[in-house]
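Work through the exercises below with the sequence and the structure at hand. Each task is followed by a solution in steps.

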Amino acid sequence: MSAAVAILIIGIGTYLLRFSLIGFVGERAVPEWALLPLRYVPPAVFAALVAPAVLLQQGDLVLAPGANPRALATVIALAVAWRTRSVAATIVTGMGALWLLQAVL
Amino acid sequence: MQLREGFVDGTKAVSPLLIGVVPFGLVLGIIAADSSIGPALGYATSIIIFGGAAQLATIQLLDEGALAAVVIATALVIGSRHVMYSAALAPHFSEFPRWARYALPYVLTDQAFAVSIVRYQEVTDPAYKRRFFTGAALTLWGSWQLATLTGIVVGGQLPQSLSLEFAIPLVFVALLVLTVHSRPEFVAAIVGGAIAVIAAPAPYGLGLIIGALSGVAAGVLAHRIMR
């Protein structure tokens, strides 16, 4: 399957997820238990995207800052994100920390 | 309540959030220009998918050569949170004309949802509600298109040595922190991240989905226990 087809399917699927209860349920209330798991999708997915990307190198867990400056830069970015709650500040300090660590280590 | 103010009110309400949206769009564009799927298809995700986190994961996974089914499943898991927004908006949208009920979900985003659901607690007029949502959502849509396009144009000029692909996990770090407000959400994040690392060797890039679903299950469990 080509990338274009995959993107098109994701686009249609995303629209249907957004339309879902607006279109099919209307005024009837949806039980809370049915929606509860969705509350935990964002933190679980975002952590699952970050952790392997910054902790693994060619499939191996590398935690030593000297060998894996990305892990340390991510910890710094996490702290900045926590303090500022700003996407821009997180990107800027994270990239800055990585460049600095790459130059020093 | 004056109706034509609805659209402007929506635009105003969402403007402060553009400080977070625009840099994200710029980075997404830069990464798209840098990726193997190329600038045209990278930009097409802004029109076709119109959801930052899902677009970023899609571009990253396609660039890594992941199986199409895995790319689709991952993007839809990320998008599944919209069902929650859809449920909360449904009672309000049920008062809208049919065209609006079909068209407006396309521009439903985290930010448009957030500002609208807060305003909907203060107003009752369906026409005002519709214009408010439309104003907020279209402002975000236009800003996103401009930001990602600008990123794509700029991104083509930047050198490889900047390690700009590191901006992908950084965006997700920021989104992660913004979505953790409670202990069960913290548990979902820790378990999701840990299992994704452990499951990374799984074939077809399935480790990500295994991690994400484990995190969701852990979050629900923690919610039950901690309540």
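A:Gln58 is found in the loop that joins strand 1 (56-57) to strand 2 (60-61) of chain A. The model it belongs to is predicted.

**Exercise 1. Two residues with positive phi**

Task: Describe the backbone angle phi of A:Gln58 and of B:Ser163, and decide whether each residue is buried or exposed.

Solution. 
Step 1. A:Gln58 is not a glycine, yet its phi is positive, at about 50°.
Step 2. B:Ser163 is not a glycine either, and its phi is positive at about 55°. B:Ser163 sits in the loop between helix 9 and helix 10 (167-179) of chain B.
Step 3. The relative accessibility of A:Gln58 is 81%, so A:Gln58 counts as exposed. For B:Ser163 the relative accessible area is 9%, so this residue is buried.

**Exercise 2. Salt bridges**

Task: What distances, locations and accessibilities go with the salt bridges A:Glu32 to A:Arg39, B:Arg81 to B:Asp110 and B:Lys129 to B:Glu95?

Solution. 
Step 1. The structure holds 6 salt bridges over all chains.
Step 2. In chain A, the side chains of A:Glu32 and A:Arg39 meet at 3.8 Å, N to O. The cut-off for a salt bridge is 4 Å, so this pair qualifies. A:Glu32 is partly exposed at 48%, and A:Arg39 is partly exposed at 33%.
Step 3. In chain B, B:Arg81 and B:Asp110 form a salt bridge with an N to O distance of 2.8 Å. This pair links distant parts of the chain, with B:Arg81 in helix 6 (residues 81-93) and B:Asp110 in helix 8, 29 residues apart. B:Arg81 is buried at 7%, while B:Asp110 is partly exposed at 26%.
Step 4. B:Lys129 and B:Glu95 meet at 3.5 Å, N to O. B:Lys129 lies in helix 9 (residues 126-155) and B:Glu95 in the loop between helix 6 and helix 7, 34 residues apart. B:Lys129 is buried, with a relative accessible area of 6%, and B:Glu95 is partly exposed at 42%.
Step 5. A network of salt bridges links B:Asp9, B:Arg119 and B:Glu122.

**Exercise 3. A serine that reaches chain A**

Task: Where does B:Ser86 lie, and which backbone atom does its side chain reach?

Solution. 
Step 1. B:Ser86 is part of helix 6 of chain B.
Step 2. Its relative accessibility is 0%, so B:Ser86 counts as buried.
Step 3. The side chain of B:Ser86 reaches the backbone nitrogen of A:Ile22 at 3.0 Å.

**Exercise 4. A nonpolar patch**

Task: Which residues make the nonpolar surface patch of about 370 Å², and where is B:Leu206 found?

Solution. 
Step 1. The patch is made by B:Leu67, B:Tyr204, B:Leu206 and B:Ile210.
Step 2. B:Leu206 is located in the loop between helix 11 (183-198) and helix 12 (207-226) of chain B.
Step 3. The relative accessible area of B:Leu206 is 33%, which makes it partly exposed.

Key. Residues are numbered from 1 along each chain as its sequence is written. Chains are lettered from A and ligands numbered from 1 in the order in which they are written. This is a predicted model: local features need pLDDT of at least 70, side-chain atom pairs count only at pLDDT 80 or more; totals for chains, interfaces and linings use all residues. Side-chain values use heavy atoms; hydrogens and water are left out. Patches are made of residues with over 30% relative accessible area and no salt bridge: like charges are joined within 9 Å, nonpolar side chains (Val, Leu, Ile, Met, Phe, Trp, Tyr) within 5 Å. Accessible areas come from the Shrake-Rupley method with a 1.4 Å probe; for residues, only the protein chains shown count as cover. Helices (H or I, at least four residues) and strands (E, at least two) are DSSP runs, numbered from the N terminus. Buried means under 20% relative accessible area, exposed over 50%, partly exposed in between (1.4 Å probe, protein chains only). A polar contact is a pair of N or O atoms within 3.5 Å; within protein, one must be able to donate a hydrogen and the other to accept it, and residues adjacent in sequence count only if both atoms are side-chain atoms.
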